[in-house]
Amino acid sequence: MKNLSVLEQEVELAQSGDREAFTRLIKANEASMYRIASAILQSDSERLDAAQEAVMKAYLSLHTLRNPKYFKTWLIRILINECRRITRQNNKVVVIHDMKEQASSHRFEETVELEDAINGLEEELRLCVTLHYLEDLPVKEVAGVLNHPEGTIKSRLSRARKKLAAILSPDSSDRRAGYE
Amino acid sequence: MNESQVEQALQHLSSRSYDVPIDFQKGIDEVLANLPQSANHPRPAYRKKWIVSTAGFIAGIMLLVSACFVSPTLAQVIKKIPYIGTIISFVGDSGVQVANQSGFVQQVNQTAVDHGIQVTVTEAYYDQLKLSVGIQVTFPKSSNQFQYIKKLRYELAGKSYTREYTEDQFKQASSFSWRYIGNNTYYGTFEPFFLEDLPQQDRMKLDFQNIGGVDGDWRFDIPISRMETDQATKIDEPLVTQSTNEYSVTVKKIIRTPSTTRVILSLGLGERYQSMTEDELGYAIHLLSTKVKVFDQNGKPLPSITRDRGSTFGGITSDTMIGLDYQPISLEPTSLTIKIGKEVELPVKLE
């Protein structure tokens with residue numbers, strides 16, 4: 001007899017056609033979806049587009065999820081694909097360079113907050129930080145979601161930490177180096 | 001801060017609750033409320049945007065929207081369907097979309113064709129803070145290239161403005177929202193930014209001079225009126241002030257229109273700011289503005305339009321002022337709380 005967690009039970013219920021269970025799963029992951037979409041897309045309307053599309057795709061392909069334990073990781077992967085599709089489709093440029101350039105040359109140690117600093121990272125680093133630190137995904141799962149080797153993810157996290165440390169450090173030369 | 005401290009701060013950040021905009025929650029709820037009966041049902045042919053209902057309903061609406069510019073009968077039908085028969089309900093400023101739902105958008109329906117490119121200005125919205133026109137552009141041939149409005153001239157309140165964009169500039173232009181919807185057609189909104197007082201009634205002359213790399217002449221003379229939106233606009237000047245060690249902030253004005261709640265804060269900057277270069281000061285004020293949050297009388301955060309549009313939209317920060325746009329709220333007497341980080345908390349009463 002299987003000893004399933006509540007999450008796994010919900011996923012199995014949803015896979016058996018229980019729409020309310022699917023709804024509960026999505027609502028439980030709603031904040032994560034918004035946060036991850038925000039790491040890639042600039043506007044709330046695009047984030048919602050991506051999330052709506054991801055929810056529908058997840059619903060229609062739920063039967064393909066083999067291990068219910070990985071529902072969240074699987075949902076995130078779908079969402080990221082949707083975000084990237086929208087980015088490609090709209091040819092949208094995530095406007096982060098202004099903040100990066102400005103942050104690279106000035107000292108605002110007392111006003112820069114961690115969230116602002118994360119938003120100032122390049123997308124590949126911002127996404128790794130969001131998934132690993134804010135969504136608590138282990139490095140292995142982040143690697144799976146982003147389709148990169150674990151070593152690459154570890155390296156990106158390390159680079160992200162260095163850059164964040166530089167941005168948040170009162171030493172302006174460190175901060176400048178962090179963006180170079 | 002060293003790397004170890006960053007790691008700790010990141011872990012602390014992960015345990016914090018995260019504000020999810022109400023519109024995002026509603027959008028997810030709409031999808032969930034309209035899931036097919038069975039997950040094995042075929043996928044809807046087309047779903048898009050904020051208004052998501054059943055796949056069949058949306059497909060039908062999309063057909064109606066695309067057809068309404070050629071069929072007077074269908075145009076009449078779609079006018080009876082509230083909020084949906086407008087470009088503005090699909091693209092553009094989310095606050096204007098709310099005003100659209102309240103019936104403040106005026107139909108224009110002017111079409112110009114040149115070099116086979118058909119441009120229709122479908123509707124217009126105008127209040128004391130926002131002016132938005134809905135545009136449909138249909139190209140004669142399909143193209144894999146991104147097609148956009150390269151050059152235009154417009155006239156407002158007797159003043160003429162010319163704008164010319166590269167592709168990247170257009171994609172980042174806050175005055176345009178632009179979305180390809182299929183069949184060689186784009187839906188867009190043009191939202192010229194203004195700070196000065198414009199006439200209550202006017203005609204905006206809009207002349208597209210290059211679209212999709214083709215020089216041409218697509219001219220429109222669009223009547224705009226604030227008669228109705230002015231009736232639904234209130235301006236409060238609370239003038240409440242709080243000081244921190246580094247600056248003082250005064251709530252100078254709160255303007256409520258059907259599309260927007262604009263919060264205008266004036267700043268008195270302390271010594272630390274005075275020693276900054278102009279660039280440093282600009283960035284410091286920008287960061288300060290990102291820390292501003294406005295809460296309604298129930299303590300719920302007002303969704304920010306400024307951040308939704310990218311932090312550059314609004315463009316009304318200066319070394320003495322921060323202006324931020326939020327979703328519209330009721331004109332009834334109410335109260336707001338304006339917070340800046342942890343250091344400022346200003347209760348504001350609105351008449």
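With a relative accessibility of 0%, Phe208(B) counts as buried (buried means under 20% relative accessible area, exposed over 50% and partly exposed in between, with a 1.4 Å probe and protein chains only). The model is predicted, so local features need pLDDT of at least 70 and side-chain atom pairs count only at pLDDT 80 or more, while totals for chains, interfaces and linings use all residues. Residues are numbered from 1 along each chain as its sequence is written, chains are lettered from A and ligands numbered from 1 in the order in which they are written, and side-chain values use heavy atoms, with hydrogens and water left out.

## The two chains

Chain A has 11 helices and 0 strands, and chain B has 10 helices and 17 strands (helices are DSSP runs of H or I with at least four residues, strands runs of E with at least two, numbered from the N terminus). The pattern of chain A along the sequence is α-α-α-α-α-α-α-α-α-α-α.

Of the 180 residues in chain A, 55% are buried; of the 351 residues in chain B, 50% are buried. In chain A, 67% of the contacts with a separation of 6 or more are between residues 24 or more positions apart (a contact means heavy atoms within 4.5 Å). In chain B, 58% of the contacts between residues at least 6 apart in sequence join residues at least 24 apart.

## Aromatic pairs in chain B

Over all chains, the structure holds 21 aromatic pairs (rings of Phe, Tyr and Trp, the last by its six-membered ring, with centres within 6.5 Å; planes under 30 degrees apart are stacked, over 60 edge-to-face and the rest tilted). Phe170(B) and Trp178(B) form an edge-to-face pair, with 5.5 Å from centre to centre and 90° between the planes. Phe170(B) is buried, because its relative accessibility is 2%, and Trp178(B) is buried at 9%.

Phe208(B) and Phe220(B) also form an edge-to-face pair, 6.0 Å centre to centre with 70° between the planes. This pair links distant parts of the chain, as Phe208(B) lies in strand 8 (residues 201-211) of chain B and Phe220(B) in strand 9 (residues 214-225) of chain B, 12 residues apart. Phe220(B) is buried as well, with 4% relative accessibility.

## A ring cluster and a charge over a ring

Ring pairs join a set of residues in chain B into a cluster, among them Phe139(B), Phe146(B), Tyr148(B), Phe170(B), Trp178(B) and Phe190(B). Elsewhere in the chain, Lys339(B) lies over the face of Phe295(B), 4.8 Å from the ring centre (a charge sits over a ring if NZ of Lys or CZ of Arg is within 6 Å of the ring centre and within 35 degrees of the ring normal).

## Helix packing in chain A

The axes of helix 3 (residues 30-40) of chain A and helix 4 (residues 44-60) of chain A come within 9 Å and cross at roughly 125° (axes are lines fitted to C-alpha atoms, for helices over the stretch in contact, with angles from 0 to 180 degrees between N-to-C directions). The two helices are therefore oblique to each other (under 35 degrees is roughly parallel, over 145 roughly antiparallel, 65 to 115 roughly perpendicular and the rest oblique). Residues of helix 3 of chain A, including Met33(A) and Tyr34(A), meet residues of helix 4 of chain A, including Arg47(A) and Ala54(A).

Ile78(A) belongs to helix 5 (residues 71-90) of chain A and is buried, at 13% relative accessibility. Not counting residues up to four places away in sequence, Ile78(A) touches Ala54(A), Lys57(A) and Ala58(A). Ile78(A) and Val145(A) stand 67 residues apart in sequence and 8.8 Å apart in space, C-alpha to C-alpha.
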